[in-house]
Amino acid sequence: MLTRISLTAPYPKRTHTCGELTPAHAGIHVTLTGWLLPERKVSKTMSFFPIKDCSGITQLVVRKGHANAHLTALSELPIESTIAIEGEVRVRPEQSRRDEGTGQIEVQVNKFTLLNPAHRNMPFIPSDNQTLVNEDLRARFRYLDLRRTALADNIRKRSHVARIVRDTLHDDGFLEVETPLLLKSTPEGAREFLVPSRVGQSTAQQDGKDTPLFYALPQSPQQPKQLLICSGAVDKYFQIAKCFRDEDGRKDRQPEFTQIDLEMAFVSWGVNTKTYSSDTWRIGGHEVRAAIEKLVGRIWQQVEEITLPSSFRVITYNEAMARYGSDKPDTRFSLEIQDITPSLPIHAQASFGDLGEILEAIILRPSESCSFLRANEEYDYQNEPNVSRSVIADGNLLNWLSDNRLMNLKLSDEEHALLNKTLGVSSGDTLWLSRRRKVPEGGSTALGRLRTRISELAHARGDYVPHAAPHFLWVTEFPLFTRADPDKEFLAHGRWSSTHHPFTAPIWQDIEAMYAGRIDQVRGQHYDLVLNGVEIGGGSVRVHDAAMQEYIFSQVLQLSDSEKGSFDHLLHALKCGAPPHGGIALGFDRLMAILCKTPTIRDVIAFPKTGAGTDLLFRSPAAIKKEVLYQYGVQPTRC
């Protein structure tokens, strides 16, 4: 009968981990510690037991003859119990050897010590690879879920990448600086988490009445890092920073998340466009671009053993929206969008021009788009009211556009024939059509969303397999201001809001337009890094001129005096000789999800929130007693 040892009882120190033994260790005596996995009986007197720790799995050989009667108790232990074993390393028989992990060896057990028995009725067995229980149950018992090899490997890889980030940036002269987590609420765009405070309660008054005080958790370290650069004490800053946003959870979002945050002094402020072609980086921040391309290249080289190009492709926001219908396009497949307005008869062009609209199309030809044909036929586009589908056959070859009720166009047979010739349309082709404003806005168009969905359907069917090589892409020259972001409307209330954030500088060619009030024509020195259709980072060159920053606050964003007051310290810092500066933040969680090849960032965070933003393990958020709330001057109410 085995009894559980006390924590103070002596037990042997491990000599090796479960993932490091090789044939070179044959014949030596070892002590291993780890979790006992299910027994595999070979005969009445011999069994195999895997023992696992965070480094890997080693096969144990247990012989249960008369001389080893004490080892029979191993079979009575609950799965997932922690044990220490002592034994001798042996090379496996040749027919039993495997190349991966410790597959060349096994350990003949002489003795074992039970360190802690597992409960026989655990919620689930982490080592059971055949049965993956539902996500909520795994979230509730995350400490068991993390014992699964897949998640444990993700956490180790995350640590490895964090080390690469720090080493690379340190080598490039960046200083790692921590910034505050308790700040003041500011109108920067996203909803904030507020933290009530008893500090200063005796002096806090509003309209002659005591008022509760709150800190705000940072959406990003944006203001502190700019102030660091303004100070002159730091030329290149970085931080692997915790950030917080009170927004709905999605597969790639969490209320608390991590970003690789950078800021640099004396960055460039644009180039002479006469010397550069349209597909080059025409804005400032070349130094930031170079630092990120080197960092990302180092990560992919060391983690994926893939050599990336020394510089990534660059396209403008307008080009991305026109060709792919997205500000974060997946360029691994074609299905490009065409503006077919110039191919229409003059009277049809005029009708679109009068409305400030264009007609776009995605043309699928059986000879060119075979991977997407079944997805194209099955896609349900009812959720896109501005999209129509025309399947070309001999019977409608000369009237497919006139018969399209959504387009409301009338073309003669001759005009249809000329249009078909111009577009290369023939029987068997499918045209997806959509009309939109000529000037793009927001993050996607109707055909852009359709393009993405068709590729996802084709991938799910197995008809389309994305290229293995990563497709990195810089998207630049975004509109500096927007009215098309519903996530920011709760603060904007019909006013212009910043596409990126209110500290982003305009392209120098558009400064005159901004001061002239042509706000919709102003492009920003804003750049996003996109990988395989996922935005993994975004940054900008900042406004370093106090007068320009004040103009943006007051005349463009129309902030109230109290809203502007949140930025007084930044405006003053800009007046004190702030250098031109710029930076970027990479989404560390999204980056790791891609490297770990998992669709959700929850698989690369040790203790994530659910899709609804709750924590089933720590049971947060949770109600607070009234007595505690009163200490902070907060009075609970019923909504």
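These notes cover aromatic ring pairs and charges over rings in a predicted model.

1. Residues are numbered from 1 along each chain as its sequence is written, and side-chain values use heavy atoms, without hydrogens and water. Because the model is predicted, local features need pLDDT of at least 70 and side-chain atom pairs pLDDT 80 or more, while totals for chains, interfaces and linings use all residues.

2. The count of aromatic pairs is 17. Rings of Phe, Tyr and Trp (its six-membered ring) pair if their centres lie within 6.5 Å; planes under 30 degrees apart are stacked, over 60 edge-to-face, and the rest tilted.

3. Tryptophan 474 and tyrosine 527 form an edge-to-face pair, 6.1 Å centre to centre with 85° between the planes. Tryptophan 474 is in strand E19 (residues 472-476) and tyrosine 527 in strand E22 (residues 526-531), so the pair ties together parts 53 residues apart in sequence. Strands (E, at least two residues) and helices (H or I, at least four) are DSSP runs, numbered from the N terminus. Both tryptophan 474 and tyrosine 527 are buried. Ring pairs also link Trp281, Trp474 and Tyr527 into a cluster.

4. Buried means under 20% relative accessible area, exposed over 50%, and partly exposed in between (1.4 Å probe, protein chains only). Phenylalanine 607 is partly exposed at 41%, and phenylalanine 618 is exposed at 56%.

5. The charged end of arginine 451 sits over the ring of phenylalanine 333, 4.0 Å from its centre. The charged end of arginine 483 sits over the ring of tryptophan 496, 4.2 Å from its centre. The rule requires NZ of Lys or CZ of Arg within 6 Å of the ring centre and within 35 degrees of the ring normal.
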